[in-house]
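Here's a quick tour of one protein model, taken contact by contact. Have the viewer open and follow along.

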Amino acid sequence: IRRGSLHPSIEAMAQIAEIFGQFGFVVHESPEIEDDLTNFQMLNIPPDHPARDLWDTLYVDVEGRLLRTHTSPGQIHVMRASEPPIRALLPGRCYRYEAVDASHASEFFQVEGIMVDEGTTLGDLRGLLDQFARAMYGADKKTRYRPGYYPFTEPSVAFDVECLVCDGSGCPACGRTGWMTILGAGMIHPVVLQWGGLDP
């Protein structure tokens, strides 16, 4: 009988956990069903934010419980259950009501990272992400940072790696830019730290 194998998403998450584990990060699981408060409000996403739109979020019941739209609510759970210093990874499924195409689905996997400690800077984040990209995609891959916006981080950045398909020359996979955005990042917003029970 032919032997099966793990799904590529599961293998990728295990590889990510192994790389970040070398920097002291521990994997935590968080609920796939959240309440409105934890999924949005505690992450500095007010009621009128576009992410709150009924068409983006899959609600489970009329009480406002929903399928998490990102793994970021796990930050609140980890901060409330742990004392700093914190280094945690939060992998898992996320759900959004989206039109399905080559780059979107109603269910997708995401890995959230959280690091809380005195003296941690954006420079630490940059060094960590550069090391991750080299370990995951190869030592020769170039990286870049661009300004970004996420309501739960301040400042926020988009992190790009040289296109994995065309090696930076430009192709349909990277929109002919030579770069692929693999994640958004930033320093945890003070409001989120407060909801997590920590003094910013």
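What follows covers the ground rules, then salt bridges, strands and aromatic rings.

## Ground rules

This is a predicted model, so to speak of a local feature takes pLDDT of at least 70, side-chain atom pairs count only at pLDDT 80 or more, and totals for chains, interfaces and linings use all residues. Residues are numbered from 1 along each chain as its sequence is written, and side-chain values use heavy atoms, with hydrogens and water left out.

## Salt bridges

How many salt bridges does the structure hold? There are five, where a salt bridge is a side-chain nitrogen of Lys or Arg within 4 Å of a carboxyl oxygen of Asp or Glu. As background, side chains of opposite charge can pair when their charged atoms come close.

Take Asp61 and Arg65: their closest N and O atoms are 2.6 Å apart. Asp61 is buried at 18% relative accessible area, while Arg65 is partly exposed at 43%. (Buried is under 20% relative accessible area, exposed is over 50%, and partly exposed is in between, using a 1.4 Å probe and protein chains only.)

Next up is Lys141 with Asp167, whose closest N and O atoms sit 2.7 Å apart. Lys141 is in the loop between helix H4 (122-137) and strand S6 (143-148), and Asp167 is in the loop between strand S7 (153-162) and strand S8 (179-188), so this pair ties together parts 26 residues apart in sequence. Helices (H or I, at least four residues) and strands (E, at least two) are DSSP runs, numbered from the N terminus. Lys141 itself counts as buried, with 11% relative accessibility. There's also a network: Arg144, Arg146 and Asp160 are joined by salt bridges that share partners.

## Strand S4 and its partners

Arg93 and Glu107 make another salt bridge, with 2.7 Å between the closest N and O atoms. Arg93 belongs to strand S4 (residues 86-95) and Glu107 to strand S5 (residues 107-116), so the pair ties together parts that are 14 residues apart in sequence. Both ends are partly exposed: Arg93 has a relative accessible area of 33%, and Glu107 has 37%. As for S4 as a whole, seven of its 10 residues are buried, so the strand is largely enclosed by the rest of the structure.

Which way do S4 and S5 run? They are antiparallel, joined by 10 bridges, and two strands pair if DSSP finds at least two bridges between them. Arg87 stands opposite Met115 of S5. Strand S1 (residues 26-27) also pairs with S4, this time in the parallel sense over two bridges, and Val27 has Leu89 in S4 as its bridge partner.

## Aromatic rings

Rings of Phe, Tyr and Trp (its six-membered ring) pair if their centres lie within 6.5 Å; planes under 30 degrees apart count as stacked, over 60 as edge-to-face and the rest as tilted. By that rule the count is five aromatic pairs. In one of them, the ring centres of Phe20 and Phe25 are 5.3 Å apart with planes at 75°, so the pair is edge-to-face. Both residues are buried, Phe20 at 9% relative accessibility and Phe25 at 8%.

Phe132 and Tyr137 are edge-to-face too, at 6.4 Å centre to centre and 80° between the planes. Here Phe132 is buried at 5%, whereas Tyr137 is partly exposed at 27%. Ring pairs link Phe20, Phe25, Phe132 and Tyr137 into a cluster.
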